[in-house]
Amino acid sequence: MITSQGSIPEVKEDIPGASIDERSHRLKTFVDLGPPDLVALTKQVPNSKSPEIGTYLYYTGLENTSTSSVAAHLNSLANVIGSSPQHWFGKSKPWKVTKAVYVSYNAFSRVDVVVTAHIPGAVSSYVIDGYRERIQENDRIWLETFASGIIRSLLTSEEDEEQVNAVVESRNLNPFQNVETAKQFFVAFEELFEQGPDVGSAPEIQTPTIISNYLVDAFLKAVELTGLYDDALSILERLREKEELVVSLIVKVLLLKDEEIKAVKLLHEGIKRNPRDANLLTIQSQFLLEKNRLDLALPSAVQAVNSAPSEFNPWANLAKVYLESGNVEQALLALNSCPMAAYKEKFHLKRIIPTTAEKLHLPLPVDVTLDDVSSLDSARVAQEHNSVDQALVNLQAANLKSTFAKAYDILTEIVHRTGWESLLKYRAKIFVMEEEYRSKSSSQTNVLETAANGKATDGENSFKKKRLCERWLDNLFMLLYDDLRTYTMWQAEMIHFQAQKTQYEKLPVEWELLGMVAFRLHHYKEAANAFQRALEIRFAPTSTRNLLKYYQLEIKNLKQKADKSHQLNGHNNKSTTSLDHGNLSPQQLSKKIAKLDENILDTVVRLSAWNHRWYCEFAPYLLTALAKVIGREGLVKIQNEVRANYPDTGVNELLDDSFEFFRHFEVFGSET
Amino acid sequence: MITSQGSIPEVKEDIPGASIDERSHRLKTFVDLGPPDLVALTKQVPNSKSPEIGTYLYYTGLENTSTSSVAAHLNSLANVIGSSPQHWFGKSKPWKVTKAVYVSYNAFSRVDVVVTAHIPGAVSSYVIDGYRERIQENDRIWLETFASGIIRSLLTSEEDEEQVNAVVESRNLNPFQNVETAKQFFVAFEELFEQGPDVGSAPEIQTPTIISNYLVDAFLKAVELTGLYDDALSILERLREKEELVVSLIVKVLLLKDEEIKAVKLLHEGIKRNPRDANLLTIQSQFLLEKNRLDLALPSAVQAVNSAPSEFNPWANLAKVYLESGNVEQALLALNSCPMAAYKEKFHLKRIIPTTAEKLHLPLPVDVTLDDVSSLDSARVAQEHNSVDQALVNLQAANLKSTFAKAYDILTEIVHRTGWESLLKYRAKIFVMEEEYRSKSSSQTNVLETAANGKATDGENSFKKKRLCERWLDNLFMLLYDDLRTYTMWQAEMIHFQAQKTQYEKLPVEWELLGMVAFRLHHYKEAANAFQRALEIRFAPTSTRNLLKYYQLEIKNLKQKADKSHQLNGHNNKSTTSLDHGNLSPQQLSKKIAKLDENILDTVVRLSAWNHRWYCEFAPYLLTALAKVIGREGLVKIQNEVRANYPDTGVNELLDDSFEFFRHFEVFGSET
Amino acid sequence: MVEVSLTVGKLDASLALLLTKDHHLIEFPTVLLPNGVNAGSVVTIKCEQDLEQEAEEKKAFEDVQEQILELFGKNEPKAPILKI
Amino acid sequence: MVEVSLTVGKLDASLALLLTKDHHLIEFPTVLLPNGVNAGSVVTIKCEQDLEQEAEEKKAFEDVQEQILELFGKNEPKAPILKI
């Protein structure tokens, strides 16, 4: 979309330049990838006596390969603001921007790169470190800064609840405006590969390594997004010559490219060379799990755990393999052994300068107006939150992060299979709870406290064989209990109301929260129903996002079913479990998928419009979702559907950016 | 001393009653012994239109056995304030107190007891808990509250730097105004004995136990202070019938009473019954250490560590025994094994209501005026701090707390014996530093970092035999290096100045800080010199306190020397080390001790006067120091000295309180 | 092989504290202690490498790897797969 | 006696991570592992109680206790001590 005054949020500074100053003071406290880029503007009303004022906003995805590319963007920003009087806190102000400053954090060298453009006038730049000392500018610093910016842009996921709209005063642009920039990032990746651990890693990684860090994560996401598989593979092959561990990245790209056989061969070769490469082993195990060969998935999973016993992912995978194999006890024991990342948090954009509502200029973009999305009244939503059922708000499972959220997901999958009562029996059989132990071993003669299950253990010996249930897992059991109780009560009420033939009414927020409970508990259909109920009342971004997830999950399930039935017919493999639905004919399958693709397209359109309203033009997960739909349905069909379904809304123009992107990168399905 | 307007500090409240309100809000956050007692006053100028105002101050030692004893104190306070116009923030105000409220924390039941006295008028009381709910008042609650108050009063040590003048707006009274109250506390101790762990314990105790907690600490301190040994012993004998662990407390009291043989017999009996009683074993080991029987002290120390390997004290004792035996390596290894209490802090009085200087009414008591003490100008001291050598202020060893301070004391004792170079060699021989290990075991080929000592280790094998040096110990080595460098530079400068025959000038604060460095490094003479230099310029409470410690240490050393020479002559025991000074004749010894007693008396007088200026009438360590002087010199002699040395200063009357105390309790030396 | 004599200092839910003669404090998993051991007991711990077991496990693992390659890593003509 | 077979998962400065067949993760002091053991090795750990050593140590300890009592716990007439 063309940048307009409606797509530029701003925050007023108390003193012009204060934001830059504050940022440089905080520079040495930045960790991992650091904060989003900052653009600070100085503007004044020409020929007036009122003084210059300062404003700022955050950015991701602004192209910063050189001083001049940054200056070009700053100038265009100044032009947009100066092109006509700006609607400014209730008044019309003919602002002229006289200076624009861009600051971007280089996470490799822990410095800020600062570009200052006087408008009109000179452009200058400098680099400062955490001690506010100037550093020699050079090509390497620029390369690192460019890569840092791309990483932040790609890894700022909007998929997760926790970080939506965290920083409203920011613009998020697509960092890959053309194929050139993507390839430049690939070059930077190869060049900076060894420094990858310096920029940190996802919280479930205990210590960043050469192949587990944010640089690698961003690279893989870029590959998935752009489909530049062959470029990626040749880079990785070169890197592998120096560092054999790179082989697991090659496997990942091959799998993205759908080159399964090559991937399997490489897995075999890599594991032969290093039988203790936990990454390779875990990928292999996950592959076999998807192929439903649990007998083969288990040895790899075990070997992975034995090779990296202090990493979370191998343990989580082992728990899943056991669970799929129906071995609940071992699944729980493996879960209990997962090393938790209690103090790390996932990367997300953070404010570096605290602000208040009165300082925020948050214009409404008028170029895209999708009725129910654009008209969502935040005052009404706030109102709703005040009268919402507090029991729903207080469900702590919603706040779980990183490894805890993942462990909870495994636990809910377990209870989904066993039921609560049976899960408690398993727990009592294999675990001794800390409380229980203390009372047993206490020298004072306390009353023997029994565990939550109400059963006392039988004698010293069986007692010793049990393992101590980790405190965090014990806590997850409690959260699970709350979730289950809420879900069960809700379902019982629904049935009651249906029997009474009365309408079951909830606030949209409440439907959304109920949907989340159901989603956590793997009751996807019930979750989807709740989200749809919420959306019948008003637009709700979280519900929409989760429906998108649901539709994608449904397609995956249909695809797996088709695969399995193909396997059954073709290979006559006995180890696969029985299908819970009858086989679908290819025609039925296509029809079902086409229906889901329509739904996906609709949620993508709505979420894109919502993002656009909040100055966000780039969300990798929406692009990926759309790419898959196009891959299945073809670009022309989809483009026609958008034109037909959303006339005169600006949605056409909005989605054209994505279609353009796919054509640039020759994404499968976009060839016309 | 008689309570006067000059001995009552007050803090103005923003709204009358705000302090009580704030306190009850914070009640549930109180830990261990809780905050000091609070007295809130409502006062007004009679027949004037100005509104009532509220003030408050903190208390320890206020007798609170019943509502009426509290009310009596509140009334007398009101009388003093109302007796004549009060000098109040620059004006003379004829305040009348209309209401006084007393609040005291009951650390056993975690409730506040509140007594309200309307003046004149009714007295009422109630008890509230952390949820601001009223609780049934009963005798038990009052007993617990009484005991809590006594414990706080006795354990609020002023000996330590860290807590001097922490809460200026507080009065500290002697809780034992008569023998009755002390005996009542003994009764409470027996009654509440089993609840002792509820009130917390000193930070070096891992978990409070029935015999290691603040109640027990306070009881032992009360026994030492009052000399009521036989009462204490009969209580402990009764408690021992229910709980054999009490035997170690009986031993402690016997040792306080100087009943060594009985103590040794009881140690033997107790250890026979429970050979894994780490408390008994540690006391036994310390006793043998003092007797210089290191061969016998070691087995007890080892057995203590093997019995309580996660407690600090047995490990610290083992390190000391090894050190005294000249086994530096084992001393360092034992030190490295000490379990550290990183998150607990020693009990000290804390404000519960934040305040600012403008709200503080801090009158100057005029009944005691010891020139240099009373005239100490805090503005001048603040001025001095601004121009002080920052290198001295930044010595981190000064800030070490609890177990870290104790471990540092052992480390400095080690370096005192070995010297720095030799200590580094020991360290290199037995420890592998974490850095060193990481570089050794790193899979990437980093440059091999060598440890601070500059030596690389010799081969895998010796490498594995070494132990990992704990990070905190590594840190103590660094602090030690800073201390040693400061000390050495200071001594070198002194010699240089002496050679140049010029005066070596420092600010009093600097002398004080240098004295502290020397004290930490066990260079006591040099420390004393520095403190005396500080005091030549002006009064300095910290220097005075440390001189008192020094004089007491000197007497202890003289006494030990005499003991040893007696042992040598009497028992012909070969295991004692050689004396570093020649033997003193009994006459020489008496003379030396008399001189030191004079010095002690002078420091006690000055510190008492200083405490009095800050509304503190009770400091157990000063009473104990004075009691010992009186024990050696006799009360009459000391009383005469005070009269002769400090005429017309009020010091006489001030010390009379202590003399009275000794006569009440028939402390040895006070019988006339 | 390593053989050490240790004193049990403390016995806890999952960890015991053992001490060597030269006061090395060692956290040891309680499950690996024989029944009947209490605080104060002396135990002997022997630890040795089991090369035979190691080779056996290696062999089994390699067999599975070959099987996986055989099943999923051969370029056999693919059955027609739906484009979804 | 307890005898367990374990796989060495990770080897660190002071602690090794060992794993049992049923995925019990055990922190084990590195010093108690034999030389030559690496990540991936399989080890056997035997732990047994040493009652003989226990009795011996008990005896030695009791002897010292008697000696202490003898030396410092008898009511022999005290030599005159200075009142200081």
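Modeller: The copies, chain C and chain D, meet through the same surface, because 100% of the interface residues of chain C are also interface residues in chain D; contact here means heavy atoms within 4.5 Å. The model is a predicted one, in which local features need pLDDT of at least 70 and side-chain atom pairs count only at pLDDT 80 or more, while totals for chains, interfaces and linings use all residues; side-chain values use heavy atoms, with hydrogens and water left out. Residues are numbered from 1 along each chain as its sequence is written, and chains are lettered from A and ligands numbered from 1 in the order in which they are written.

Chain C is superposed on chain D by a rotation of 180° with 0.0 Å of shift along its axis, at an RMSD of 0.1 Å (least squares on the C-alpha atoms of residues with pLDDT of at least 70 in both copies). That is the relation of a two-fold axis. The C-alpha of chain C nearest this axis belongs to C:K46, at 2.5 Å.

Chain C itself contains one helix and four strands, in the order β-β-β-β-α along the sequence; helices (H or I, at least four residues) and strands (E, at least two) are DSSP runs, numbered from the N terminus. Of its 84 residues, 40% are buried, that is, under 20% relative accessible area with a 1.4 Å probe, protein chains only. Among its contacts between residues at least 6 apart in sequence, 42% join residues at least 24 apart.

Chain D also meets chain B: 31 residues of chain B are in contact with 27 residues of chain D. About 2,600 Å² is buried between them, 68% of it from carbon and sulfur atoms; this is the accessible area (1.4 Å probe) that the two parts lose on being put together, summed over both. The interface of chain B and chain D has one salt bridge, defined as a side-chain nitrogen of Lys or Arg within 4 Å of a carboxyl oxygen of Asp or Glu. The salt bridge joins B:K272 to D:E66, with the closest N and O atoms 3.2 Å apart.

On the side of chain B that touches chain D, the helices that each supply at least two residues include α8 (260-273), α23 (541-571) and α24 (586-613). The greatest contribution comes from α8(B), with six residues. By type, this side of chain B comprises 16 nonpolar, eight polar and seven charged residues, where Ala, Val, Leu, Ile, Met, Phe, Trp, Tyr, Cys and Pro count as nonpolar, Asp, Glu, Lys and Arg as charged, and the others, Gly among them, as polar.

Within chain A, helix α7 (residues 247-256) is mostly covered, seven of its 10 residues being buried. Among these are A:V247, A:L249, A:I250 and A:L254. The buried residues of α7(A) pack against α5 (214-226), α6 (229-242), α8 (260-273) and α9 (278-290) of chain A. Just after α7(A), A:D258 adopts a positive phi of about 70°.

Further along chain A, A:S670 lies in the segment after α27 (651-664). A:S670 is buried, at a relative accessible area of 3%. Apart from neighbours within four places in sequence, A:S670 is in contact with A:I630, A:L635, A:F662 and A:R663. The C-alpha atom of A:S670 is 44 Å from that of A:I128, 542 residues away along the chain.

Technical notes:
Buried means under 20% relative accessible area, exposed over 50%, partly exposed in between (1.4 Å probe, protein chains only).
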